[in-house]
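Please keep the 3D view open as you read.

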Amino acid sequence: MARSLTPLVGREHEVALLRDRWAQVQAGRGHIVVLSGEAGIGKSRLVQVVKDEIIGAAALRIEYRCSPYHQHSPLYPVITHLERALAWRQDDTSEDKLRKLEEALRPYPLPLVEMVPLLATLLSLPFPEDRYPPLILTPQRQKQKTLEGLLTWLLALTEQQPVLFVVEDLHWIDPSTLEFLTLLVEQGPTARLLTLLTCRPEFQSPWGLRTHLTPIALQRLPQPQAETMVARVTGGKALPPEVIAQIVAKTDGVPLFVEELTKTVLESGLLRETEGSYEQTAPFCPHWPFPPRCTTRSWPGWIAWRQSKRWPNWGPSWDAPSHMRCSRL
Ligand SMILES: Nc1ncnc2c1ncn2[C@@H]1O[C@H](COP(=O)(O)OP(=O)(O)O)[C@@H](O)[C@H]1O
Ligand SMILES: [Mg+2]
């Protein structure tokens, strides 16, 4: 989320819970929080709050991101994280990359002679067999040892400072990364480690109830908070009450939709900005700027389409899909 964020609305209870879990972690009681909720409900926004406002600079952050395109690539989130964390560059030679891997491991009490071949293999990096023995393991055993090595490394990091370990979008996780998380859930409670996992409701947590695991299910924003969010997106400038009511009704408390629809309304060319407010200058069309139906299923396409457009000069040449064109203009 590189663009500027809408200031946080609501979520006081969730933020308080996360603060409490971080305090526990700092006292040496590791914890796992599973943040679940539908697309656009604000899972990543809360992760951002933890990073910006809760953990502070003294903690290390490690972030894995699952991807819908790599659900069948074993350990894809681990590999992409390591490539970023090791600061591998495109013009690095294999020796450069190996050196960076060795330097990253060296500060910790880890058996390099085992770890380097395992991680180099994971990262498809050749390693010199005169310095490291080749791996003579079954694929299953090699995976097991890689996962154990990764966990040992993660726990070694927590000896030096508290760690925030985020894994985003578990509904797209591959089975091997899930196995890694299961190892962590089983072994992590004594480390200074806050594991923050996000997922949509379709992800079934395989870990059951545990004292060191807190599930947080994010609900839609109630109407007054949705109204507040509209005001935050407009930067505090008032919209006509009936426009606010339409936005709130169409978006049904999903923050992403509130943001996108409010921006669409502001960019529609049908409002004039004055010093303290926006005034409507022309009637809205049947399907524009409000889309005909707002459901989780129909919105992603609408939002992607909206985000690909720029409408400062909205007018006759504008290329909206025909069902959104307004015959009155
Ligand atoms: N409580 C909130 N207050 C303000 N903005 C929010 C809130 N929740 C979500 N948002 C915004 O809504 C958008 C979607 O939220 P995001 O965290 O990306 O959803 P998710 O990760 O659940 O799909 C983001 O732009 C985010 O900043
Ligand atoms: Mg997200």
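Predicted model: local features only at pLDDT ≥ 70, side-chain atom pairs only at ≥ 80, totals over all residues.

Residues are numbered from 1 along each chain as its sequence is written, and chains are lettered from A and ligands numbered from 1 in the order in which they are written.

**Helix pairs**

Two packed helices are described by the angle between their axes and the distance between the axes. Axes are lines fitted to C-alpha atoms, for helices over the stretch in contact, and angles run from 0 to 180 degrees between N-to-C directions. Helices (H or I, at least four residues) are DSSP runs, numbered from the N terminus.

| Pair | Angle | Axis distance |
|---|---|---|
| H1 (12-26) and H2 (43-54) | about 55° | 11 Å |
| H8 (223-233) and H10 | roughly 45° | within 9 Å |
| H5 (112-122) and H6 (139-160) | roughly 110° | within 10 Å |

H1 and H2 pack at an angle of about 55°, which makes H1 oblique to H2. Angles under 35 degrees count as roughly parallel, over 145 as roughly antiparallel, 65 to 115 as roughly perpendicular and the rest as oblique. On the H1 side the contact uses Glu14, Val15, Leu18, Arg19 and Trp22, and on the H2 side Leu46, Val49, Val50 and Ile54. Here two residues are in contact if their C-beta atoms, placed from the backbone, lie within 7 Å. This contact of H1 with H2 holds 7 nonpolar, no polar and 2 charged residues. Ala, Val, Leu, Ile, Met, Phe, Trp, Tyr, Cys and Pro count as nonpolar, Asp, Glu, Lys and Arg as charged, and the others, Gly among them, as polar.

H8 and H10 cross at roughly 45°, so H8 is oblique to H10. In this pair, Ala226, Met229, Val230 and Val233 of H8 meet Pro255, Val258, Glu259, Thr262 and Lys263 of H10.

H5 and H6 are roughly perpendicular to each other. Met115, Leu118, Leu119 and Leu122 of H5 meet Lys145, Thr146 and Gly149 of H6.

**Around ligand 1**

Which residues come nearest to ligand 1? Of the 18 around ligand 1 (C-beta atom, placed from the backbone, within 6 Å), they are Gly42, Lys43, Ser44, Arg45 and Pro255. H2 and H10 (255-267) each supply at least two residues of this shell. Ligand 1 lies between domain 1 (12-217) and domain 2 (223-312), because both give residues to its shell; the domain bounds come from an automatic or database domain assignment.
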